[in-house]
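The following explanation considers one chain of the structure and then its contacts with a partner chain.

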Amino acid sequence: MELLDNIALGLSTALLITNVLYCFLGVLLGTAIGVLPGIGPTATVAMLLPITFSFEPVTALIMLAGIYYGAQYGGSTTAILINLPGESSAAVTALDGHAMARQGRAGAALAAAAIGSFVAGTLATVALAVAAPPLARVALRFGPAEYFSLVLFGLIVSIALARGTALKALAMIFLGVLLGTVGQDIYTGTPRFTFEQRELYGGIDFVSVAVGMFGVAEILRNLENQQTRTAIVSKVKNLWPTREDRRRMAGPILRGTGLGAALGVLPGGGHVLASFTSYAVEKRISKRQQEFGHGAIEGVAGPESANNAAAQTSFIPLLTLGLPAHPVMALMVGAFIVHGITPGPNVITEEPALFWGLIASMWIGNVLLVLLNLPLIGMWVRMLRIPYQVLFPMIILFASIGTYSLGFNAYDVYAIAIFGLLGYLLIKCGCEPAPLLLGFVLGPLLEENLRRALIISRGDASVFFTRPISAALLVLTVAALVITVLPAIRRRREMVFTEDE
Amino acid sequence: MERHRSFPDVLAGGVFILLGGAFVVGSLGYELGTPLRMGPGAFPLLVGALVTALGLGIVVKGLVAGELIEFGRVPWRAVGVIVAALLFFGFSVRGLGFVPTSAVTALLTTLASERMRPLTALAVAAGLTVAATLIFVVGLQLRIPLWGPWLGF
């Protein structure tokens with residue numbers, strides 16, 4: 001069995017002491033930032049990226065991945081205990097989870113979230129291991145024309161999932177693509193939009209963009225109204241769910257896992273959509289609809305499983321196509337590149353130990369997360385008492401140091417301020433920052449493949465329509481665009497996002 | 001859909017027009033090339049025009065049928081102080097060295113919160129400087145001098 005051999009290879013890599021240690025560190029950090037409202041995985045991974053440059057590539061990726069899926073676990077704790085989603089996908093969990101906590105059933109809610117997350121994480125990791133190799137084989141046959149169409153498709157699909165209007169999301173994507181053109185042109189070496197500053201020749205660092213848009217802008221949002229935190233449910237008891245609870249959890253967990261695993265592959269935050277969809281499904285098929293919103297355990301177990309499954313399968317496009325589905329993945333592309341590995345279909349054949357090691361580490365990470373989240377819940381509850389006045393100076397300082405250490409370039413730090421301001425302004429105007437970051441990372445890929453495809457076809461633009469895979473992807477792109485822009489469907493999309501909020 | 005004007009929509013559209021337009025103007029200064037061999041200016045020109053067009057669309061939509069967004073208040077003090085802290089860090093980390101720069105950056109940042117008391121601010125700044133030094137310089141061997149040349153060392 002090839003799969004078993006691969007899994008054995010993965011486990012032998014992931015179980016190395018250093019890798020387990022950094023996996024633990026990753027999920028610990030991930031849980032911590034997931035628990036703390038106001039700091040998300042994107043800003044954290046951006047800050048820590050420079051630190052991981054000195055690690056072995058597989059160790060670095062294991063830790064960064066751990067931060068990402070660890071944050072999904074941690075976010076639910078905050079959502080349940082203080083009705084404040086620590087991570088955007090945990091917003092749904094807050095509905096019934098916090099209602100359960102107010103009824104004194106916080107323990108059962110936390111257990112439902114953790115068990116659901118664990119089951120979902122485990123099953124979705126298997127899905128990842130099974131689905132990735134065939135996809136990578138298909139992707140190996142892609143030429144520049146196919147890649148151009150694929151990147152475009154990925155960018156357009158990502159707006160179908162973003163909140164806010166499609167027009168703004170589109171503008172954000174292409175603004176990101178535009179900002180990605182700053183720096184030396186890949187073919188001619190001409191410096192573009194650099195204002196004669198040598199420091200800008202290498203382009204704007206994407207860590208600066210991510211820290212500015214997701215870190216600084218978020219801090220400014222939080223400083224708009226500085227109220228005291230809402231009361232915390234501080235006593236958590238009866239962690240083990242009753243027989244009745246266990247019976248009610250099983251269905252939602254499995255359905256949520258399936259939904260999440262499927263939706264997670266989509267670019268642009270499939271995990272948020274997955275948790276909302278799972279909640280809607282559970283509510284619709286439940287015999288106890290009136291309980292939803294007032295502490296139905298199905299409303300915690302389903303969405304939590306869905307968002308964890310999605311967090312796991314969102315690695316599929318990254319590992320097989322080199323396309324990031326989420327801003328955190330976009331940062332991980334950077335981690336790959338720094339270590340001299342081009343993310344994409346070749347990773348699986350050229351770096352099998354890295355590929356399977358990363359996948360195996362996710363399963364280990366999920367085990368560690370259950371141990372971290374259930375027995376040690378008291379620690380996280382205490383962490384919720386850290387005042388924001390300590391947190392936000394820490395984020396700013398660590399972000400400055402981390403970004404500066406990338407290349408000892410002061411411009412990277414100035415860029416944080418600029419993108420913080422730009423991001424804050426745009427977010428206040430109802431624009432989501434995630435499409436911009438995806439556009440920024442994928443923009444150079446788009447330009448490179450466009451130009452290369454045209455060189456190969458001797459300047460004939462019809463190559464994008466005559467090659468079948470490329471044509472199919474472009475048709476799908478147009479379809480995705482039509483779906484997001486059509487008012488009838490858009491209204492339904494808004495409904496999914498705003499339901500019961 | 002109800003018809004109303006939306007200030008945030010117009011503002012957002014304006015930002016896109018401004019930035020898209022700037023890139024269009026900038027890219028005209030570079031060689032455009034032919035479809036076979038696109039010059040450095042071609043792709044930014046194309047995308048810049050697209051962003052400008054989308055920005056125009058957002059402005060028009062904002063004037064006719066805007067999105068209802070509450071713009072809310074802007075924490076000007078936090079905006080100013082945090083930008084100043086970041087600029088200070090970038091400007092002086094080489095000259096002043098890691099420790100003084102971190103301390104001043106942290107202290108400046110604490111001023112962003114209106115509810116911060118001076119003593120707490122000092123304590124937070126001191127604690128963060130120690131933590132940052134331990135994590136980044138001692139733990140991760142970051143090669144930034146602790147005290148810089150501006151201080152006469």
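Two residues are in contact if their C-beta atoms, placed from the backbone, lie within 7 Å. With that criterion, 65% of the contacts in chain B between residues at least 6 apart in sequence join residues at least 24 apart. The model under discussion is a predicted one.

The secondary structure of chain B consists of 5 helices and 0 strands, and along the sequence these elements give the pattern α-α-α-α-α. For the 153 residues of chain B the globule rule gives 15 Å, whereas the radius of gyration is 23 Å, well over that value, so chain B is more spread out than a compact globule. The C-alpha trace of chain B spans about 55 × 50 × 25 Å along its principal axes. As to burial, 37% of the 153 residues of chain B count as buried.

The interface with the partner chain can now be described. Contacts between the two chains involve 62 residues of chain B and 54 residues of chain A. On the side of chain A that touches chain B, two or more residues come from each of helix 8 (166–179), helix 9 (206–222), helix 18 (388–407), helix 19 (410–428) and helix 20 (433–456) of chain A. Of these, helix 18 of chain A gives the most to that side, with 12 residues. By residue class, the side of chain A that touches chain B comprises 36 nonpolar, 10 polar and 8 charged residues.

Terms used
Residues are numbered from 1 along each chain as its sequence is written. Chains are lettered from A and ligands numbered from 1 in the order in which they are written. This is a predicted model: local features need pLDDT of at least 70, side-chain atom pairs count only at pLDDT 80 or more; totals for chains, interfaces and linings use all residues. Helices (H or I, at least four residues) and strands (E, at least two) are DSSP runs, numbered from the N terminus. Ala, Val, Leu, Ile, Met, Phe, Trp, Tyr, Cys and Pro count as nonpolar, Asp, Glu, Lys and Arg as charged, and the others, Gly among them, as polar. The radius of gyration is taken over C-alpha atoms; the globule rule is 2.2 Å times the number of residues to the power 0.38. A residue is buried if 20 or more other C-beta atoms lie within 10 Å of its own, exposed if 12 or fewer, and partly exposed in between; C-beta atoms are placed from the backbone.
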